[in-house]
Amino acid sequence: MNKKLKIIIASSLAFLGTIFTQKISQAQTQEKIIRKEQIVVGVREDSYWFGSRNDKGEREGYCIDIAYALRERLSANQLEPIRVRFVTSTVQSRWDMVKSGMVDLECGPNTISTEREEIHGINFSAPFFITATQVLAQRGRIEEDVNAGNAIVGVVRNTSNESDLKSAYPEEQIEDKFLTREQGIKALVDGEVNGFASDGTLLLGIAWGMNLDLEKDYTFITINQENGRPFCAGYGFILPGGEENSSWQSYVNDFLANDKKAQRIQRKWLLDGLSENSQMLYDACAQE
């Protein structure tokens, strides 16, 4: 056997070995869910379009529908269908819920960041939505104060929005005592702060839910980086970290990219009928 042929055979065997290892790892990841006959999904209750409660107290949103679609895909070729169990997550609890194995994934407005992956020991899926940090402020003089940096702007602590805000405003003008966006926007309405920062799409959802008049009384201010670009945020599922879980990440990414039902759910909740403000952010960030 000549040397060139030996190299080709060796390379082919190595490639097949890699595929075989990945299939075993993926099978082990799925086996955990199949053995329980259940996939456990962390979802938020404070994020319009992603995960919230309707007037009947029922969960609804993109994350609810996408979890059921993922269950259907995992149930294919199984004798018994996989069930879905939802566990309520929060900004503060989402990381530990995944890392501890309490949930198999967490779905919500989670900004993808390699730094977060390292700090919290998790993986992110591919992005399923894009938005950017904005400040919701009252129109008129207060709006001018926010733009000029002469106002107090609220933000939820330990979020990417807080990091973005600190890049644009002096620290003494930032109030980070808030645990939820609802608390911060209520403080804005009550005059405790002059503006509140979060992802623009989420601010819009809460403002609608609180019946704020966005045409007359309130406006959105986009925070820009030094290069003039918005602080964009791609949302991804939070998945278990480590190389041993990379095949689960690949499985979920393939589902998001190629599953027809997953694509329909994305269009239904997140793409069709975007507001002018959300569409502006989506278009600006999609160009990056």
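**Figure 1. Lining of the largest pocket in the predicted model.** Helix α6 provides the largest share of the lining of the largest pocket, namely five residues, in what is a predicted model. The elements that give two or more residues to this lining are α4 (114-120), α6 (160-168) and β13. The pocket holds about 440 Å³ of space, and its lining is made up of 22 residues, with Ser113, Glu115, Arg116, Ser160 and Ser163 lying nearest the centre. When the lining residues of the largest pocket are divided by class, seven are nonpolar, ten are polar and five are charged.

**Figure 2. The largest cavity and the residues around its centre.** A search of the whole structure finds one cavity of 30 Å³ or more, and the volume of the largest cavity is about 140 Å³. Its lining consists of 16 residues, of which Arg94, Pro109, Thr159, Asn161 and Arg181 are the closest to the centre. Strand β11 gives the most to the lining of the largest cavity, with four residues, while α6 and β11 each supply at least two. By class, the residues that line the largest cavity are six nonpolar, five polar and five charged.

Figure 3. Gly195 has its place in strand β11, which covers residues 195-199. Is Gly195 buried or exposed? With a relative accessible area of 0%, Gly195 is buried, because buried means under 20% relative accessible area. Leaving aside residues up to four places away in sequence, Gly195 touches Val135, Leu136, Ala137, Ile152, Val153, Gly154 and Leu188. The view may also be used to compare sequence with space, as Gly195 and Glu175 are 20 residues apart in sequence and 9.9 Å apart in space, C-alpha to C-alpha.

**Figure 4. The disulfide between Cys63 and Cys107.** A disulfide is a covalent bond between the sulfur atoms of two cysteines. Here a disulfide joins Cys63 to Cys107, with 2.1 Å from S to S. The pair links distant parts of the chain, with Cys63 in helix α2 (residues 62-75) and Cys107 in strand β6 (residues 105-107), 44 residues apart. The torsion about the S-S bond of Cys63 and Cys107 is about -70°, so this disulfide is left-handed. Both cysteines, Cys63 and Cys107, are buried.

Figure 5. After α2 comes Asn77, whose phi is positive, near 70°.

**Figure 6. The disulfide between Cys232 and Cys285.** A disulfide also joins Cys232 to Cys285, and its S to S distance is 2.1 Å. The pair links distant parts of the chain, since Cys232 belongs to strand β13 (residues 232-235) and Cys285 to helix α11 (residues 276-286), 53 residues apart. With -85° about the S-S bond, the link of Cys232 and Cys285 is left-handed. Cys232 counts as partly exposed because its relative accessibility is 26%, whereas Cys285, with a relative accessible area of 6%, is buried. The count for the structure comes to two disulfides, and with bonded cysteines counted along the chain they follow the pattern 1-2, 3-4.

**Figure 7. The whole chain, as a setting for the close-up views.** The secondary structure of the protein chain comes to eleven helices and 14 strands. Of the 288 residues in the protein chain, 47% are buried. Among the contacts in the chain with a separation of 6 or more, 71% are accounted for by residues 24 or more positions apart.

Notes
Residues numbered from 1 in each chain as written. Predicted model: local features only at pLDDT ≥ 70, side-chain atom pairs only at ≥ 80, totals over all residues. Heavy atoms only, no water. Disulfide = S-S within 2.5 Å. Buried < 20%, exposed > 50% of the residue type's maximum accessible area, 1.4 Å probe, protein only. 1 Å grid on protein atoms, 1.4 Å probe; cavity = no way out; pocket = protein on both sides within 12 Å on 5 of 7 lines; lining within 4 Å. Points joined across faces, edges and corners; volume = space filled by probe spheres on them. Nonpolar A, V, L, I, M, F, W, Y, C, P; charged D, E, K, R; others polar. Contact = heavy atoms within 4.5 Å.
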